[in-house]
Amino acid sequence: MSLHADVSATFSADGAESFHVDAEFEVERGESLVILGPSGSGKTLLLETVAGFHPHEGPVTLDGQRVSDTPPEKRDFGFVFQDYALFPHMTVRKNVDFGSRYHDDTRDAAELLAELGVGDLTDRYPPTLSGGEQQRVALARALAVRPEVMLLDEPLAALDVPTRQSLRDDLADVLADATAVYVTHNRTTARALADRIAVMNDGQVVQIGTADEIFHRPASPMVARFTGSNVIDLDDAPSIRSALDTPTDGIVTIRPEAVAFGDSGDVRATVERIVREDASSRVTFAVDDVTVEAFADRAPAVGTEVWLTLPEDEVHVCRAAAPAAD
Amino acid sequence: MATRTETRFSLDGVGRVPLAVAFLVVQVLAFVAAYTVGRPTWYAFFMIGSTAVTAYAVHGDSFVVAAATMGSILMVALGLPLFLFVARQQPAIVVEKAFNPDVHRMLYLGVYGPLLAAIVSLVFGVPLAHLLSEGFAGQPLVESLVDLPLVVPHSVAGIIILFGFGKGGAFPNISVLGTMIGMVLAMTFVSAPYAVNATREAFESIDDRLEYASRIHGASRWDTFRRVTAPLAVRGMVTGGVLAWARAVSEFGAVAVVAYSVSFFYPPAGGEVTAQHAPVFVYGTYLQGGLAESGAVAFILLGVSALIFLLVRYLTSDSTTTGGVV
């Protein structure tokens with residue numbers, strides 16, 4: 001079943017400026033769309049609006065059938081919340097079985113829990129479970145009603161790293177054939193789970209495309225920065241501009257994993273900072289008035305002068321310079 | 001590193017409960033001694049001094065000692081009259097009153113009438129509390145109206161009820177003056193804010209996402225209230241009901257104005273009897289029989305009130321609010 005949403009909604013809270021969400025996206029049958037964006041960009045509000053939790057304008061359609069005026073319980077969605085939202089007064093089994101009385105065709109709770117690796121928790125109460133266990137139960141509750149579309153709101157955000165990785169692998173299996181909209185601010189998760197990614201900022205979808213398109217050909221400096229690309233204003237980096245075979249102006253982006261360095265290359269740079277990450281180091285180089293990041297297994301010392309290689313085909317012109325005024 | 005607390009007095013070694021029991025026993029002995037020699041004032045100073053010394057022995061912290069000393073002065077103001085009231089009772093009169101049929105009727109009416117008021121407050125207050133927890137246009141106005149009885153002198157509340165529902169009021173066919181309906185109405189007027197506010201706080205403490213989770217997995221608003229919201233707020237409702245009941249038990253002003261004496265069905269008599277609400281009865285006894293007789297009735301009433309108080313404490317204690325589950 002495909003989902004199309006073109007919704008507009010305004011949210012206001014005491015003491016805060018009202019926030020406007022105005023976004024459109026489409027998810028094909030069996031496709032996982034990840035909505036990626038910084039905190040406060042309106043991702044969760046968009047997902048909740050599509051689910052029918054908030055009044056909105058504009059259509060939400062399932063296979064062309066308009067469901068905008070349908071209450072949430074009739075929309076045939078499954079929803080997984082960031083903070084699990086399990087019913088604390090019900091056992092795990094009753095949580096998973098919650099929707100069974102409202103749906104004709106539901107999955108067996110015990111079987112589903114066993115598949116998700118929490119089959120021994122059926123008689124426990126949610127507050128006695130770890131975060132990872134609770135989220136697996138929440139996933140089971142959503143899957144139990146065999147929803148046409150799964151909506152997932154940062155289900156991994158509250159989990160520690162090992163649990164997150166383990167559950168992400170399981171989610172990849174679960175979402176492989178499902179129609180799903182998955183909200184996250186984590187680009188690694190987005191890349192791992194997405195068939196397509198919609199980047200959201202300030203209540204609007206600013207770019208939508210495959211992971212490769214989003215990560216390698218960002219539509220704006222904001223998208224490039226948020227997805228971890230180097231964003232280089234060539235006005236501030238003349239040595240990079242002159243190193244490019246095809247001279248250009250404006251702002252270009254390049255993935256840090258595409259940047260190589262050594263004793264020879266295109267651009268002279270100085271190591272400014274080294275941050276050790278899981279498997280490698282993230283090295284920040286100073287080039288003219290800009291910085292460029294790259295990954296390295298062995299990083300040279302801070303202050304070392306090296307040569308950077310920026311493969312021309314990896315350099316993406318993100319925003320061309322405005323034509324000079326006559 | 002050892003803290004100052006540990007070096008002075010090991011709470012772990014003695015335990016909180018034995019320490020509290022020992023403190024209480026010493027207080028009782030000191031009061032009995034002071035009362036026996038006819039110097040209750042000495043006990044007041046002993047209580048303040050012993051609290052300060054105990055606070056120093058346990059914490060050795062000037063802030064805690066100052067707070068405990070100031071607090072004990074208030075405890076003297078609240079507790080000493082109570083201790084003296086109990087100590088100065090004449091057992092013969094108390095026993096006589098305890099077997100007095102008029103007192104039995106008073107106690108029956110003093111529990112039954114407030115129970116009706118608490119039920120009315122909850123039946124109509126819970127839906128209002130739910131609306132208030134969700135918010136709506138004009139909410140501040142409704143909130144003010146709900147809280148109004150808290151600031152209106154209660155004799156004034158009685159007069160307001162007579163204007164509203166008495167002769168020439170909104171329902172001229174319903175008699176409120178000197179009737180059970182009038183008494184329950186007066187009690188409801190003063191106690192409903194407790195039921196509404198306690199229940200509202202319980203609703204507000206429930207995460208919206210639990211209701212979202214219920215709706216999206218198939219439950220209608222009614223079912224969501226029945227299966228999720230109400231069970232999670234039930235302790236707040238019970239607490240609100242008990243508070244409303246306790247408030248109605250202690251109501252004097254409004255009841256005295258609207259229904260000084262009321263006729264009601266009294267099961268032990270198998271028919272209608274006329275009696276007065278407990279505080280009104282105590283006041284009447286004081287005017288007619290003096291301090292000793294009214295004191296004995298008040299003593300019995302105090303026992304009932306203490307039971308209600310203990311019930312409220314039990315219902316609002318941490319162990320019961322979590323229910324061992326949540």
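Mentor: Helices and strands here are DSSP runs, numbered from the N terminus; a helix is a run of H or I of at least four residues, and a strand a run of E of at least two. The model is predicted: local features need pLDDT of at least 70 and side-chain atom pairs count only at pLDDT 80 or more, while totals for chains, interfaces and linings use all residues. Residues are numbered from 1 along each chain as its sequence is written, and chains are lettered from A and ligands numbered from 1 in the order in which they are written.

A residue is buried if 20 or more other C-beta atoms lie within 10 Å of its own, exposed if 12 or fewer, and partly exposed in between, with C-beta atoms placed from the backbone. In α11(B) the buried residues are L210(B), E211(B), Y212(B), A213(B), S214(B), R215(B) and I216(B). They pack against α12 (221–249) of chain B and, in chain A, against α1 (43–51) and β6 (77–80). After the helix comes G218(B), with a positive phi near 120°.

The contact between the chains involves 16 residues of chain B and 20 residues of chain A; two residues are in contact if their C-beta atoms, placed from the backbone, lie within 7 Å. On the chain B side, α11 and α12 are the elements that give two or more residues.

Across in chain A, the loop between β2 (19–27) and β3 (32–36) holds E28(A). E28(A) is partly exposed because 14 other C-beta atoms lie within 10 Å. Although 35 residues separate E28(A) from D63(A) in sequence, their C-alpha atoms are 9.1 Å apart in space.
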